[in-house]
Amino acid sequence: MSGLLMPKPDDATMRRRDEIVADMRIIVPGEGVVDAANSMRAFESDGLTAYRQLPLVVVLPETVVQVSRVLKYCNDRNIRVVPRGSGTSLSGGALPLEDAVLLVMSRFNRILEIDFPNRIVVAQPGVTNLGITTAVEQEGFYYAPDPSSQIACSIGGNVAENSGGVHCLKYGLTANNVLGIEMVLMNGEVVRLGGKHLDAEGYDLLGVMTGSEGLLGVVTEVTVRILKKPETARALLIGFPTSEQGGQCVADIIGAGIIPGGMEMMDRPAIHAAEDFVHAGYPLDVEALLIVELDGPAVEVDHLIGLVEAIAYRNGSTTCRISQSEQERLSFWAGRKAAFPAVGRISPDYYCMDGTIPRKELPRVLHGMRELSEKYGLGVANVFHAGDGNLHPLILYDANVPGELDKAESFGADILRLCVKVGGVLTGEHGVGVEKRDLMPEMFNQNDLDQQMRVKCAFDPNHLLNPGKVFPQLRRCAELGRMHVHRGQTAFPDIPRF
């Protein structure tokens, strides 16, 4: 992992590896402990494969009691722990550490309860995102957040990263669809936040946990809301001569008060890659393709289709195709859902970014990305959740060419700086992890970061859970409140101190 600064391995922990592995086998018997180097290779990275590191040991618990005992054991002995779901994270959030137990939650893979009257599902964290919809679709229900990796990503990982998807514009991110969780703290304590009811009493700790990237606790159960499938859903496939025109169309649709069920955009490289991959019938003579899905009562959908079509033509669209069947609607989405693997066919490697901007800035940011592409000499294919301004530029490079990975990382960092400059944020749904960790000061000042660290310290005072992620300075909680003295003089010396 050259070039990426991570916490220095603890020598005492490394010397006790055999003892730790033996103790883990007592806590999690059977095949729940993996310690052979070749077997641990499967866990050496997550979806951000540019960085790899073997863990101290891999532990796959099956019960809450086992999770609690593993965490308490590690807490008592000052051993670091990295939680992991399905490993689809694109920010390095599940990157192992050399001296850390990698706690893999994939065996927590059962749906515990389906409550149709209350429209909720209670699932273990290893259940896949799509698995929840599959479990309830026979009754006409579905789970709204739908990341592109929904066939593989786990609901526990979705909570950790606050994942979204193509339907998040209208139906919200994970945070808007999770009602409760059971979690285990680093000291082994099992706690519940929220439940089947709409709002939990007291502080919004559920909101704090959602998107916390494994820094605060390990989720062992998730309660989510499910929705009734809409009466009608139809999609428009709209092509534009320029990405700027497509971006302006997005802004105008939202500005007209129309909230589509989903609104996604791809540029020419992504369009061609997706069409070659799934043959969805995308137009190949356009620079930008917008997919707009409208759902609800049939009469409302028909009315909104007319409005969106008119807005598209006012923005210079050259093609507008409206789905006439459910199969055709699904074919429109098939290319978008497969865009990431499709781009893998046109480049040896790609670096998937994640930033969010105000919708009105989309034309400006697209123009800026083209200029950055010329500056770095690397191609970029753009796929984004256009409705909420969540961008996913795919930077094309070849890891076998010396220096190209470094250029791709610098290119990506400049894209994120541009997002922040126009009033956006560093991430929309992939999280900070290690990828954006050192860019946090671009968005937050030291006071902001200190406040975030205080939340971390309240849950994990010894900084043992997923260290080296999110926070740009590698430090412990004990260092946070130290008074700074410069040349023998404290700050604001006139203020009395007690």
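The model is predicted, so local features need pLDDT of at least 70 and side-chain atom pairs count only at pLDDT 80 or more, while totals for chains, interfaces and linings use all residues. Residues are numbered from 1 along each chain as its sequence is written, and side-chain values use heavy atoms, with hydrogens and water left out. Helices (H or I, at least four residues) and strands (E, at least two) are DSSP runs numbered from the N terminus.

**Helix H4**

- Helix H4 covers residues 64-76, 13 residues in total, and reaches 18 Å from its first C-alpha to its last.
- That span is close to the 18 Å expected at 1.5 Å a residue, where the expected value is 1.5 Å times one less than the number of residues.
- Buried residues in H4 include Val67, Val70, Leu71 and Tyr73; buried means under 20% relative accessible area, exposed over 50%, and partly exposed in between, with a 1.4 Å probe and protein chains only.
- After H4 comes Asn78, with a positive phi near 60°.

**Positive phi away from glycine**

- Glu213 is not a glycine, yet its phi is positive at about 60°.
- You will find Glu213 in the loop between helix H8 (205-209) and strand S10 (218-225), and its relative accessible area of 8% makes it buried.
- His463 has a positive phi near 55° and sits in the loop between helix H17 (446-459) and strand S20 (485-486).
- His463 counts as buried, at 10% relative accessibility.

**Salt bridges**

- The whole structure holds 28 salt bridges, each a side-chain nitrogen of Lys or Arg within 4 Å of a carboxyl oxygen of Asp or Glu.
- Arg80 pairs with Asp99, their closest N and O atoms lying 2.7 Å apart.
- This pair links distant parts of the chain, 19 residues apart: Arg80 is in strand S3 (residues 80-84) and Asp99 in the loop between S3 and strand S4 (100-104).
- Arg80 and Asp99 are both buried.
- Arg336 and Glu264 form another salt bridge, with 2.8 Å between the closest N and O atoms.
- Here helix H12 (residues 326-337), which holds Arg336, is linked to strand S13 (residues 262-267), which holds Glu264, across 72 residues.
- Arg336 is buried at 1% relative accessible area, and Glu264 is buried at 2%.
- Glu328 bridges to Arg321 at 3.0 Å between the closest N and O atoms; Glu328 is buried at 17%, whereas Arg321 is partly exposed at 30%.
- Lys375, Asp414, Arg417 and Glu442 are joined in a salt-bridge network.
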